[in-house]
Every structure is written in C-alpha cells, then in structure tokens.
Amino acid sequence: MERTKSPLRWIAILVVLAALVALPFLISDYRTFQFTQAVVYAIVLLGLNILTGYNGQISLGHGAFYAIGAYTAAILMDKFGVPYWATLPAAGVVCFVFGFLFGLPALRLQGHYLALATFALAVATPQVLKYKRLEEWTGGVQGIVIMKPDPPEWLASFVTLSQDQWLYLFSLGVAAVLFLVAWNLLRGRAGRALVALRDHPIAAEAMGVNGPVYKSMAFGVSALYTGVGGALGAIAVQFVAPDSFTAFLSISFLVGIVVGGIATISGAIYGALFIQFVPNFADQISKAAPWAIYGLVLLVFIYAMPGGVAWMLHFVAARVRALLATR
C-alpha cells in the first residue's frame, strides 16, 4: 500500500508545483505581488511552526526577526550594493545568531512567560530601529527604499518576465528549498527530539536528548527561516521602515500557524494564504469595519477547523481513503 501511496503523493506535489509556476503567467502583476507575499509568509510560518508547533515554545516576537532579516537585506543592498540573492543567506545567518542568543536566556521561561518575553522583543524592535545613533544605517522613521530586481539576462532568451513575475518565481524556488530542508529535518532525529521535548521534556532528557541545545537550536533555525522571509519581503515591497514591523505582525504570524495547522508543514501554506488574503477580503466587504469582518472569519475558522486547515484536510483525505477501501 505504501509503495502506491508514495508515488501518488509525489505526483500530486509535482502537479501543485507546476500550477504554482504557471500562476504568474495567468494573473496580473498586482496579484502576482500578493502571491509573492504569501510565499514569503509561508516561509516565516514554517519557521515559527518549527519552534511553536514542533518544539512547544510559544513566540509572539517573530515580527522582530522578520524586521532584522528585512533590514539586513535592505542595508546590504542600499549601502554596500550586495546582489539581492546574496542578502538571503546573510539575513538568515544574522537572524540565526540573534535567535540562538535570545533562546539561551529564554530556556528559563516556559508557556505564557516565554510568550511575554518574545512579545517584549516585538514591541521594542521598532523603537530600536528608530534610535538616532542607528539612523545612518536604518534610515530612522523614513526607512530605506530599495530597487526591485530585474530578471536575469540569461532568461530573456527563453521567456519574457516582468519584475513581479521573476520575484515570485525566485521566492517560490527559495521556499521550495526551505520546505524540503524542513521536511527532512523534522522527519529525522532532530525532529523527533524536538517533539519529545515538547510532549515529555523530562522523559526526553532522561533518554539523552540535550534539552537546552535543541531548544536553542530550534529558536535559531526558526529565526533563520523568518529572517530569510523578511529579506524576501523587503525585496518584494522595495521598502523597509520601523512602523512596518509592529507587534501586530507577530500576532498575525501566530494566527497563521493556528489557522493553518499546528505542527504541520503544509499548514504554513494555508496560514500564509489566510493572513495575506483575508484582511483584503474583509476590507472589500466593509470599509468601515474590516477588522470586525476579519475577526468573524477567524472565529469561523477556529470553530469549524479547531486543528487547523491542514489537519482538517488530512482528516477528510483519511475518510475518503477509508470509504474507497471498503468498496
């Protein structure tokens, strides 16, 4: 049964990837930009799910790591002329270091105490970015404007792409690599150790799992993913400013993994689509009270799919397979 199931799964994944690659050629540049943002958010939510879903550490401060990644990319491009693609690993490394160092003192905190500590980080980050002595680098309240990259010249002989189409495809490629890495990481020994520490920390450490190291590394890897997402987001928007990274951004990320599905890889995709498109949908319905509509839609999702979209789809697929097996 597994032998037939696995090829079908890979065929489905390839079909979905082909559809995603074809998407920017079927829609406008504005819609392409929106889907690029959704891809960026999917990377961020995957990183947050590694920390919160698989390791049980609640974070309300990932907007800070998103800001650090975005500013790293913007500063490197604006001040040093670094190519946009080279800013992604740099943003990832910088955020990994920040996340790992923040994770060390956070080892003493659990549950809502850790959530409050990370929330304080999210609240403080915009104020730090406005600090006068950093204005030379951060641009202060005015922020930094960067240029959207053009498609590479070697592609011109094969296909004509707009800037938005190329950036979408580039972001999709980066996301595909990061999702594959996360999938291999979480299904291996490290992933099992993270889940063991989440569910039974004392038993896990008794079995030889080094809790402090794994928890700090989870924070670092999660921040790395978020930083790469922040760098891609800055390149897509072409602008960074402190007020773009409020505490509400961190809350939105947490909402995304809850709606998409805690401790699922595919849930990052569903959650990203939610936080990208539902606010726009709510604004189109009511200009006077868009957040009331947003809250209502969120309540519907929570009540209808308490485990998230990914778990609901998994349940439906299991029921369909069971029905087909009985025939």
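Figure 1. Residues are numbered from 1 along each chain as its sequence is written, and side-chain values use heavy atoms, with hydrogens and water left out. Because the model is predicted, local features need pLDDT of at least 70 and side-chain atom pairs count only at pLDDT 80 or more, whereas totals for chains, interfaces and linings use all residues.

Figure 2. The domain assignment, which is automatic or from a database, gives domain 1 (27–253 + 267–278) and domain 2 (285–327). Their contact, meaning heavy atoms within 4.5 Å, takes 5 residues from domain 1 and 8 residues from domain 2. About 580 Å² is buried between the two domains, and carbon and sulfur atoms give 88% of this area; buried area is the accessible area (1.4 Å probe) that two parts lose on being put together, summed over both. Tyr 270, Phe 274 and Val 278 supply 74% of the area that domain 1 buries against domain 2, more than any other three residues.

**Figure 3. Gly 267 in helix 12.** Gly 267 is found in helix 12, helices being DSSP runs (H or I, at least four residues) numbered from the N terminus. Gly 267 counts as buried because its relative accessibility is 0%, where buried means under 20% relative accessible area (1.4 Å probe, protein chains only). Leaving aside neighbours within four places in sequence, Gly 267 is in contact with Gly 256, Gly 260, Gly 261 and Ala 310.

**Figure 4. Gln 57 in the loop between helix 2 and helix 3****.** Gln 57, placed between helix 2 (29–52) and helix 3 (62–80), is buried, with a relative accessible area of 5%. A polar atom of the Gln 57 side chain lies 3.3 Å from the backbone oxygen of Lys 215. Not counting residues up to four places away in sequence, Gln 57 touches several residues, among them Leu 114, Ala 218 and Phe 219.

Methods: Helix = DSSP H or I, 4+ residues; strand = E, 2+ residues; numbered from the N terminus. Buried < 20%, exposed > 50% of the residue type's maximum accessible area, 1.4 Å probe, protein only. Polar contact = N/O pair within 3.5 Å; in protein donor to acceptor, adjacent residues only side chain to side chain.
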